[in-house]
Amino acid sequence: PDRAAGMFPILLAGGAVAAERVVRVRAGRVALVGAIAAVSLALAPIVVPLLPPAELARYTAAIGLSYSAERGKTSPIPQLLADRTGWESYVDDVERVYKSLGPEDRQRAIIYAPSYGQAGAVELWGPARGLPRVIGAQNTYWHWSAGHTNTEVLIAVDMRPTTLRRLFRDVREAARINCDYCMSWRSNIPIFVARASIVPFEAEWPDFRHYE
């Protein structure tokens, strides 16, 4: 919606002119306020987390409303709320993979996440769970991560196996992240554990830069 924000003042001005004609009479004022109240009540669960995800999915299906802000990304619930779900369970999955490693590997491991949201979730909840440093390739996270990428043990979220095998000798899928109500791009994605670096990750880091 922010892509169209530049048009909002023009649309609001036009709407205000039309609304002013309606509210000149009492009946018009009552009708306008009633319509606004009815629409607001109907749409409130879609933009405010009032319902649990399962109930929200049934509600949006019942009123026939589906909203996605980005093309090709889907969820049973509107994206405004779907983008808020599944983060803690995602960190749970990363934590399980980390804790499945041996003590020596845990001491050497770092975590790779492809997006700033995925990296930020690990950075937010990870320290309390004993998780190691997280690096990310998107936007400013790429800059923050530069100089901290070399490792002999990498827990890699949603990285291509072919890319990992160019960097590490031992690459194995350790788990898959699934969430019922998050956006589709964050579900059914693999977590790999890669060991024994072939080339320093830092040497390849410029190729991972992703601005979006």
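A salt bridge here is a side-chain nitrogen of Lys or Arg within 4 Å of a carboxyl oxygen of Asp or Glu. By that rule, this predicted model has 11 salt bridges.

Quick overview, then the pairs. The protein has 10 helices and five strands. Along the principal axes, the C-alpha atoms fill a box of roughly 75 × 35 × 30 Å. Buried residues are 35% of the 212.

On charges: there are 24 positive and 21 negative, and their mean positions sit 6 Å apart.

Now the pairs. Aspartate 105 bridges arginine 108 at 2.9 Å, N to O. Both lie in helix H6, residues 103-108, three residues apart, about one turn of the helix. Aspartate 105 counts as buried because its relative accessibility is 13%, under the 20% cut-off. Arginine 108, at 37%, counts as partly exposed.

Next, arginine 195 with aspartate 170. Their closest N and O atoms are 3.9 Å apart, so the pair falls within the 4 Å limit. This one links distant parts of the chain: arginine 195 is in strand S5, aspartate 170 in strand S4, 25 residues apart. Arginine 195 is partly exposed at 23%, and aspartate 170 is partly exposed at 21%.

Arginine 176 is partly exposed at 37%. Glutamate 173 is partly exposed too, at 43%.

Which residues are linked in a network of salt bridges? Asp105, Arg108, Asp170, Arg172 and Arg195.

Terms used:
Residues are numbered from 1 along each chain as its sequence is written. This is a predicted model: local features need pLDDT of at least 70, side-chain atom pairs count only at pLDDT 80 or more; totals for chains, interfaces and linings use all residues. Side-chain values use heavy atoms; hydrogens and water are left out. Helices (H or I, at least four residues) and strands (E, at least two) are DSSP runs, numbered from the N terminus. Buried means under 20% relative accessible area, exposed over 50%, partly exposed in between (1.4 Å probe, protein chains only). Lys and Arg count as positive and Asp and Glu as negative; His and the chain ends are not counted. The place of a charge is taken as NZ of Lys, CZ of Arg, CG of Asp or CD of Glu.
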